[in-house]
Amino acid sequence: MDESVRAMRPPGPAGPSPEDLLSQVARGSETAFEQLYDVVAAPVFGVVRRVVRDVPQSEEVTQEVLVELWRTATRFNPAKGSAVNWALTLAHRRAVDRVRSAQARTDREQRAGAVSQGPDFDQVAEAVASRLEREQVRRCLSNLTELQRESVVLAYYGGHTYPEVAELLDSPLGTIKTRLRDGLIRLRDCLGVIR
């Protein structure tokens, strides 16, 4: 903890109580605030540090709490509790607010990140190109004869060997090879493949 938060020094036997000091702070006494600061700064920092955990942020929140004590000293009601407990309650609330605010910011950033994470441009371009190629292949397949189309589809999309295609179509192997060769030549010409 830096020098902005002084070590706790309880008031001496003749010194004013934290409640008296807070009452004087409410009337604008800077000297009373300095003395109150010495009494509550360390316990306030301790409460904040346990909630916030980050030392620099804990110091910042502690400073905010002490400023709030100065500004709101007139609201202190000794009938509801001690001045130190009131300061610690303010510290705890402010620390919890800081943690919630940080969590909300993290949640917003994650939601914004999730929304902005669409597919990469390359993936989109690749998908479009692939779809266009499939459509062109379908169009070119429709230009083949029925026998050529059946042979090509069974061999290249069905994964069958030439002898299996011949058996499935009940045709001689030589005929199937010819159909496949002629069909592939027509596909190549239709697709504009350079030899």
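Helices (H or I, at least four residues) and strands (E, at least two) are DSSP runs, numbered from the N terminus. Glu34 is partly exposed, with a relative accessible area of 46%, where buried means under 20% relative accessible area, exposed over 50% and partly exposed in between (1.4 Å probe, protein chains only). Glu34 and Leu21 are 13 residues apart in sequence, and their C-alpha atoms are 9.2 Å apart in space.

A word on the model itself. This is a predicted model, in which local features need pLDDT of at least 70 and side-chain atom pairs count only at pLDDT 80 or more, while totals for chains, interfaces and linings use all residues. Residues are numbered from 1 along each chain as its sequence is written, and side-chain values use heavy atoms, leaving out hydrogens and water.

Now for the whole protein. It has eight helices and zero strands, and 27% of its 195 residues count as buried.

Axes are lines fitted to C-alpha atoms, for helices over the stretch in contact, and angles run from 0 to 180 degrees between N-to-C directions.

| Feature of the H2 and H3 pair | Value |
|---|---|
| Angle between H2 (residues 30-52) and H3 (residues 55-72) | about 140 degrees |
| Distance between the axes of H2 and H3 | 8 Å |

That angle makes H2 oblique to H3; angles under 35 degrees count as roughly parallel, over 145 as roughly antiparallel, 65 to 115 as roughly perpendicular and the rest as oblique.

Contact means heavy atoms within 4.5 Å. Among the H2 residues that meet H3 are Phe33, Val40 and Val44, and the H3 side includes Val61, Leu66 and Trp70.

Finally, let us look at the cores. A nonpolar core is a set of buried Ala, Val, Leu, Ile, Met, Phe, Trp, Tyr and Cys residues joined through side-chain atoms within 4.5 Å. The largest one has 25 residues, and Leu22, Val25, Val40, Val44, Val48 and Leu66 touch the most other members. Helix H1 (18-26), H2, H3 and helix H4 (83-116) each give two or more residues to this core, and H2 supplies the largest share, eleven residues. Leaving aside residues up to four places away in sequence, Leu22 touches Leu36, Ala73, Phe76, Ala83 and Trp86. A second, separate core of ten residues includes Cys140, Val152, Val165 and Ile176.
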